[in-house]
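Here is a short briefing to read alongside the model. Have a look at the chain first, then follow the points below.

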Amino acid sequence: MIPDRIEREIVLGHPVERVWEALTTAGGLAGWFGSRAEIDLRPGGRALFRWDELDSESEATVTV
């Protein structure tokens with residue numbers, strides 16, 4: 001069976017507020033995961049990542 005999720009723990013040397021902003025705002029996510037991003041932080045919400053130079057996009061679902 002192929003797992004339906006990927007989990008990884010990383011310890012970052014930055015303040016919690018900076019990391020939270022990078023992972024929970026469209027601008028922060030776009031800086032990490034592509035050219036543009038959208039996110040709805042509610043459980044069941046959608047996250048969309050777009051890479052303009054590749055003409056590609058990916059979608060994820062917020063689960064927690």
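Strands E2 and E3 form a hairpin with four residues between them, and Asp-55 in the turn has a positive phi of about 50 degrees. Strands here are DSSP runs (E) of at least two residues, while helices are H or I runs of at least four, both numbered from the N terminus. Please keep in mind that this is a predicted model, in which local features need pLDDT of at least 70 and side-chain atom pairs count only at pLDDT 80 or more, while totals for chains, interfaces and linings use all residues. Residues are numbered from 1 along each chain as its sequence is written, and side-chain values use heavy atoms, leaving out hydrogens and water.

**The hairpin and its turn**

- E2 and E3 run antiparallel and are joined by six bridges; two strands count as paired if DSSP finds at least two bridges between them.
- Ala-47 has Ala-60 in E3 as its bridge partner.
- Asp-55 sits in the loop between E2 and strand E3 (56-61).
- The positive phi of Asp-55 occurs although this residue is not a glycine.
- Most residues other than glycine have a negative phi.
- Asp-55 counts as exposed because its relative accessibility is 59%; exposed means over 50% relative accessible area, buried under 20%, and partly exposed in between, with a 1.4 Å probe and protein chains only.

**The nonpolar core**

- Leu-29, Ala-30, Ala-37, Ala-47 and Phe-49 make up the largest nonpolar core, which has five residues.
- Helix H2 (26-32) and strand E2 (46-51) are the elements that give two or more residues to this core.
- Such a core is a set of buried Ala, Val, Leu, Ile, Met, Phe, Trp, Tyr and Cys residues joined through side-chain atoms within 4.5 Å.
- Leaving aside residues up to four places away in sequence, Leu-29 touches Ala-22, Leu-23, Gly-34, Ala-37, Ile-39 and Phe-49; a contact means heavy atoms within 4.5 Å.
- In soluble globular proteins, nonpolar side chains tend to be buried together.

**The chain as a whole**

- The chain holds two helices and three strands, in the order α-α-β-β-β from the N terminus on.
- Along the principal axes, its C-alpha atoms fill a box of roughly 35 × 35 × 20 Å.
- Of the 64 residues in the chain, 20% are buried.
- Among contacts in the chain with a separation of 6 or more, 0% come from residues 24 or more positions apart.
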